[in-house]
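This briefing is meant to be read with the model open beside it. Please keep the sequence at hand as well, and look up each part as it is mentioned.

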Amino acid sequence: LCSSNIGLLTGLEHLGLYLKSKVAAEMAKQAEVLIMLLALAVSVRGFQLGRAVLPSLRGSRSAHCSATSSLRMQSRPEDTSELGALDRRSFGLSSAVALSSLIFSPPTPVRAERVIPADLPKSYKALYVDKVQDNPDFRKAAKIKEVPMRLPEDDEVIVKVNYAGVILGNEQARVMGIGKNEDLLNMTEGFRTGSEGLGTIVAMGEYAASQGFEIGDKVAWASRNGSFAEYNNVRWGYLQKVDQLVPEALAMRIAGAVSYCMLTRRLRADEDSTILITAAAGGIGHMAVQWAKEVCGSRVIAVVGSPEKVKFVKKLGADVVIDASKERDLAKAIKKAAPEGLDGVMDSVGGEYLNAGMANLKEGSVEKRQSGGKFVSLGFTSQLPHNPKEIREIKTDFDAEALFWSGSSTINDKLQSIYSSFIPVPISVAARKEAYELWEQGKVKPVVYSKKYKGLESVADALEDNINRKTMGKVVIEIAPP
């Protein structure tokens with residue numbers, strides 16, 4: 001009860017402080033009392049509702065992953081009720097309400113001043129798309145433009161970009177205005193591209209300056225504001241401080257942090273787990289293999305698409321590496337590697353790979369009080385527009401694209417848990433910090449693709465290499481030398 005609702009209490013307490021700063025002085029005390037009473041009431045009700053309706057967030061075993069977190073939920077004795085295998089918790093509801101702490105932040109007693117250096121450029125270059133396209137051809141859609149420097153909002157910093165990461169699915173979805181990018185359909189002035197970056201803070205808004213950031217700090221970030229640019233305005237909450245401006249630090253921001261979060265928070269992998277990782281030579285996949293082996297101690301079965309990638313992933317420590325290009329029946333090849341079934345699957349491909357993973361995922365049983373395996377869908381690259389129609393339209397056990405954009409989770413009739421890559425912000429932030437700490441301790445080694453991409457002009461080249469499946473590890477663009 002305490003661990004699952006602490007975020008809720010914190011969020012509502014912050015809401016109380018926010019209201020306290022707005023109401024008249026004589027009303028402040030009453031407002032705070034009312035808010036705390038509401039926090040207690042909703043906390044109890046949240047526990048009741050979560051226990052009744054939310055899907056299981058753990059398997060039947062305790063998670064023994066060596067990574068620890070104050071937010072990580074621990075196992076508890078098995079429920080002996082009729083559906084005891086399903087551990088219902090108020091985690092989801094509590095964490096969702098806890099997001100109020102990101103909106104209703106308490107006022108800072110001593111506010112820092114906005115920092116705008118005199119030598120801040122008046123304009124800079126950025127990759128822009130004038131309007132949404134029917135064709136996802138990034139080279140034709142995106143053009144380099146000179147754009148005016150926008151001074152930071154209260155909660156923003158301006159970062160001089162040194163490196164930008166490439167995420168193929170994000171850029172194609174943005175160019176075509178699909179999924180969560182439908183708002184771009186009405187953009188009359190065009191929109192920026194790029195989802196993650198690494199660089200140095202050069203200017204700050206007042207509130208951002210009060211959050212422990214300073215001019216000259218090295219930071220990695222992920223946002224929709226467009227990292228394919230010489231400068232980027234970024235909200236302070238998206239920033240992760242780093243020690244060095246090296247491409248590996250950027251490889252950790254999404255690929256490293258998301259894969260770590262999914263393994264430890266969703267799959268809850270441990271030394272007894274057998275985990276399947278598809279696209280294992282990619283940005284997220286190569287990090288997932290290392291987390292699963294080096295941190296969680298699991299048995300790892302990896303799927304790749306070429307003999308060269310087999311060698312690459314074997315060096316990362318995978319126990320079994322399957323070359324899908326040589327397999328007529330991928331599901332049968334996985335069955336051979338894991339005859340007792342899979343405890344967890346991390347898939348970012350969809351299509352045939354999704355079906356093969358689901359076919360080998362362990363089934364649960366109400367009678368035996370056992371939950372089934374867990375499947376995390378991180379993407380659907382086989383359904384992206386550059387693929388042939390026959391691949392895009394393969395019938396699958398569930399709609400990976402719809403799951404991805406909805407951010408939902410479900411349990412099927414085999415008691416198998418199916419998750420999207422969405423996870424509540426407080427939990428993902430904690431996981432990201434853990435991931436960076438473990439990287440700094442040398443637990444994992446992010447690999448940056450060996451080909452060098454320099455300047456905004458090279459972004460299209462990098463995306464096309466990704467489409468043609470030439471890349472291994474994280475693809476990074478050098479925007480400007482550190």
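The buried residues of helix α9 are Gly-283, Gly-285, His-286, Met-287, Ala-288, Val-289, Gln-290, Trp-291, Ala-292 and Val-295. The model in which they are found is a predicted one, and its protein chain contains 16 helices and 17 strands. Of the 482 residues of this chain, 51% count as buried, and among contacts between residues at least 6 apart in sequence, 73% join residues at least 24 apart.

**Helix α9 and its surroundings**

- Helix α9 covers residues 283-295, and its 13 residues reach 18 Å from the first C-alpha to the last, which is close to the 18 Å expected at 1.5 Å a residue.
- Because 10 of the 13 residues of α9 are buried, this helix is largely enclosed by the rest of the structure.
- The partners against which the buried residues of α9 pack are the helices α8 (247-266), α10 and α15 (425-440), together with the strands β9, β10 and β12 (344-347).
- With α10, helix α9 packs at an angle of about 30°, the two axes being 9 Å apart, and α9 passes α10 in a right-handed crossing.
- On the α9 side this contact is made by His-286, Val-289 and Gln-290, while α10 contributes Phe-312, Val-313 and Leu-316.
- Just after α9 comes Gly-297, which takes a positive phi of about 70°.

**The sheet of seven strands**

- An open sheet of 7 strands, with mixed pairing, is arranged in the order β11-β10-β9-β12-β13-β15-β14.
- The edges of this sheet are formed by β11 (320-323) and β14 (409-411), each of which has a single partner strand, so one side of each is left without a neighbour in the sheet.
- On average, and with direction ignored, neighbouring strands of this sheet are turned by 15° against each other.
- Helix α10 (residues 307-316) packs on the sheet, where it touches β10 and β11, and its direction makes about 165° with that of β11.
- Within the sheet, strand β9 (residues 274-277) pairs with strand β10 (residues 299-304) in the parallel sense over 4 bridges, and Leu-276 stands opposite Ile-301 in β10.
- Strands β12 and β13 also run parallel and are joined by 4 bridges, with Phe-375 in β13 as the bridge partner of Val-345.

**Strand β6 and its two partners**

- Strand β6 (residues 218-222) has 4 of its 5 residues buried, so this strand is largely enclosed by the rest of the structure.
- Strand β5 (residues 196-204) runs antiparallel to β6 and is joined to it by 5 bridges, and Leu-198 stands opposite Ala-220 in β6.
- Strand β8 (residues 239-241) pairs with β6 in the antiparallel sense over 3 bridges, and here the bridge partner of Ala-220 is Gln-240 in β8.

**Aromatic residues and helix α14**

- The structure holds 10 aromatic pairs, and one of them is formed by Phe-380 and Trp-405, whose rings are 6.3 Å apart centre to centre with 65° between the planes, an edge-to-face arrangement.
- Phe-380 lies in the loop between β13 (374-377) and α13 (389-392), whereas Trp-405 lies in helix α14 (residues 400-406), so the pair ties together parts that are 25 residues apart in sequence.
- Phe-380 counts as buried because its relative accessibility is 8%, under the cut-off of 20%, and Trp-405, at 18% relative accessibility, counts as buried too.
- Phe-380 and Trp-405 also belong, together with Phe-404, to one aromatic cluster.
- Helix α14 also contains Leu-403, which is buried with a relative accessible area of 8%.
- The C-alpha atoms of Leu-403 and Ser-377 are separated by 7.8 Å, although these residues are 26 residues apart along the chain.
- Leaving aside residues up to four places away in sequence, Leu-403 touches Ser-377, Phe-398, Ser-408, Ile-418, Tyr-419 and Ser-420.

Key. Residues are numbered from 1 along each chain as its sequence is written. This is a predicted model: local features need pLDDT of at least 70, side-chain atom pairs count only at pLDDT 80 or more; totals for chains, interfaces and linings use all residues. Side-chain values use heavy atoms; hydrogens and water are left out. Rings of Phe, Tyr and Trp (its six-membered ring) pair if their centres lie within 6.5 Å; planes under 30 degrees apart count as stacked, over 60 as edge-to-face and the rest as tilted. Helices (H or I, at least four residues) and strands (E, at least two) are DSSP runs, numbered from the N terminus. Buried means under 20% relative accessible area, exposed over 50%, partly exposed in between (1.4 Å probe, protein chains only). Two strands pair if DSSP finds at least two bridges between them. Axes are lines fitted to C-alpha atoms, for helices over the stretch in contact, and angles run from 0 to 180 degrees between N-to-C directions. Contact means heavy atoms within 4.5 Å. The expected span of a helix is 1.5 Å times one less than its number of residues. A crossing is left-handed if the near helix is turned anticlockwise from the far one by less than a right angle, and right-handed if clockwise.
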